[in-house]
Amino acid sequence: MGTHVIKMPDIGEGIAQVELVEWFVKVGDTVTEDQVVADVMTDKATVEIPSPVSGKVLALGGQPGEVMAVGSELIRIEVEGSGNAPAGPATAEAGLPREEAPAKPAPAPAAALAPAPAPAPTGHQPAPIAPREANERPLASPAVRKRALDVGIELRYVHGSGPAGRILHEDLDAFLTQPTRSTHGAPSGYAKRSDSEQIPVIGLRRKIAQRMQDAKRRVAHFSYVEEIDVTALEELRLHLNKKWGDSRGKLTLLPFLVRAMVLALREFPQINATYDDEGQVITRHGAVHVGIATQGDNGLMVPVLRHAEAGSLWNNASEIVRLANAARTNKASREELSGSTITLTSLGALGGIVSTPVVNTPEVAIVGVNRMVERPMVINGQIVIRKMMNLSSSFDHRVVDGMDAALFIQAIRGLLEQPASLFVE
C-alpha cells in the first residue's frame, strides 16, 4: 500500500491562496476516483476538488474556513501500489497537523468489543437514533438547516445518509415520519426553547461580508428612489408571453429593465463605469455587462449578463434564467461571476416599497427593483387604478453626481412608461 497526496491545485488567475469551504469526506472514509472530496473558494467562485485516485482517507490538511496556499497538502489517501508520496505516517512533519488518521489501537478483549449495530426494526418501531453531542454541528446545506429550523427539528438527532454523514432533505422526510420524533421534534408553539446554534462565517458568507463591508467603507453611497407607472409595460409583457411564450420563452420584467438600462446608459456613459480608487482611474465601458443579483441557498451571488446591449429581449431573458440557475446550484463559472459594469437587483414579490442597495464595487451604480402594486392615481383629473413600482438605486458619489443619477433613473422611467420606445432606434 502507498500514499497519494492531493495538493491544493492552482486554480488560475494568479491566485496564491484559497479558502477551504467544506469537506465531503472524513478520516477513515473510502473514496473513489473522481469523487468530490472538498469545496474551496476563490474571490470569484466555489470550486470542487475531486480525487484522482481511489483509496482510504488518511488525513485532512485543514479545517473549513481556513485559508490555504496553492500547492499545500490538502488530503492524504492510502492507495494500492506506491502512490506519489514517500512512505511514512501522515504526521505534522508531513504537513498535515490538523486532522490525522488515528493510530490503530491494540486488540481489545472480546468482552470489551462494542456489539455491531442491530438491523433496523421492522413494523412501527423505528431504529433508535443516537444523538450527536450538543456542540457537534452536523453536516447539512443551508436549505436543509432552514427547513429543519422551520419545523423545529434538532439536526443532531437526524441520521445523515449523504457523504460523510451529510443530512439531506430525504433524511428530514424520513425523520418526520417516525412515530417517536415528538421527543425531539417540533416543540409546541408555547414551549420554552433554550437551544442555540453557532454558525462560522466561512465560504461564500465570508466573501459577501467582506465585500459588503469594503463597499460601505470605501464607496460614498447615495440612493435615489423613483416611482414608475408600469401598467402599459405589464400589458405588453403579458401580450408577448401569450403570443410567443410557448415558442420563445416567458418574459419577466427583468429583460425590459435591462433594455431600458442599456438605452439610458447611452446618454449617461459615466454610470456604466468602474472606479479604481487606489489608482484613481475611472474606466467607462462601451459594453454593458449587467450583474444580476441572485439569491441562492448559500447567499447572494452576482452572475453577469454579458453584452446586454447586443442581446434581444428573449436572448437576454433566457440568459438571465440560465445564469440564475447556475448561480443557485453553485455551477456558475468564475467568468460568469465577474466582470460586471453595472448591477440590477430585485427581490421580486418581496421587493418592499423602498430599499437602499449596496454598490457592487468597483462598479459605481446599482439599480434596485421594488414590488409592483396596484394603486389609485390621479390622471387628467380622474382617479384610476394603475400598476406602480419603485426603482431604488444607489450610486458612488465620488464618480456620479446626484443630478446625473436622477436624470439616468428618469430616463429609465420614461422608457418603461412608454414601452414602445424601448424598441425605437
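**A walk through the predicted chain**

Of the 425 residues in the protein chain, 43% are buried, where buried means under 20% relative accessible area, exposed means over 50% and partly exposed lies in between (1.4 Å probe, protein chains only). Please keep in mind that this is a predicted model, in which local features need pLDDT of at least 70 and side-chain atom pairs count only at pLDDT 80 or more, while totals for chains, interfaces and linings use all residues. Residues are numbered from 1 along each chain as its sequence is written, and side-chain values use heavy atoms, with hydrogens and water left out.

Let us begin with the overall picture. The protein chain contains seven helices and 20 strands; helices (H or I, at least four residues) and strands (E, at least two) are DSSP runs, numbered from the N terminus. If you take the contacts (heavy atoms within 4.5 Å) between residues at least 6 apart in sequence, 64% of them join residues at least 24 apart.

Now turn to the helices. Two packed helices are described by the angle between their axes and the distance between the axes. Helix 5 (residues 254-267) and helix 7 (residues 402-417) have axes that come within 9 Å and cross at roughly 130°. Here the axes are lines fitted to C-alpha atoms, for helices over the stretch in contact, and angles run from 0 to 180 degrees between N-to-C directions. That angle makes helix 5 oblique to helix 7: under 35 degrees counts as roughly parallel, over 145 as roughly antiparallel, 65 to 115 as roughly perpendicular and the rest as oblique. On the helix 5 side, the contact residues include Phe256, Leu257, Ala260 and Met261, while helix 7 contributes Phe408, Ala411, Ile412, Leu415 and Leu416. By class, the residues of this contact of helix 5 with helix 7 are twelve nonpolar, no polar and one charged, with Ala, Val, Leu, Ile, Met, Phe, Trp, Tyr, Cys and Pro counted as nonpolar, Asp, Glu, Lys and Arg as charged, and the others, Gly among them, as polar.

Helix 5 has another partner to look at. It packs with helix 6 (residues 313-328) at an angle of about 120°, with the axes 9 Å apart, and helix 5 and helix 6 are therefore oblique to each other. Leu254, Pro255, Phe256 and Val258 of helix 5 meet Leu313, Asn316, Ala317 and Ile320 of helix 6.

In the loop between strand 17 (342-346) and strand 18 (365-369) you will find Pro362, joined to Thr361 by a cis peptide bond with omega of about 5°. Gly348 is also in the loop between strand 17 and strand 18, and Gly348 is partly exposed, with a relative accessible area of 37%. The C-alpha atom of Gly348 is separated by 7.0 Å from that of Asn370, 22 residues apart along the chain.

Asp34, in the loop between strand 3 (30-31) and strand 4 (36-41), is not a glycine but has a positive phi of about 75°; at 58% relative accessibility, Asp34 counts as exposed. Gln280 sits in the loop between strand 11 (273-276) and strand 12 (281-284), with a positive phi near 55° in a residue other than glycine. Gln280 counts as exposed at 54% relative accessibility.
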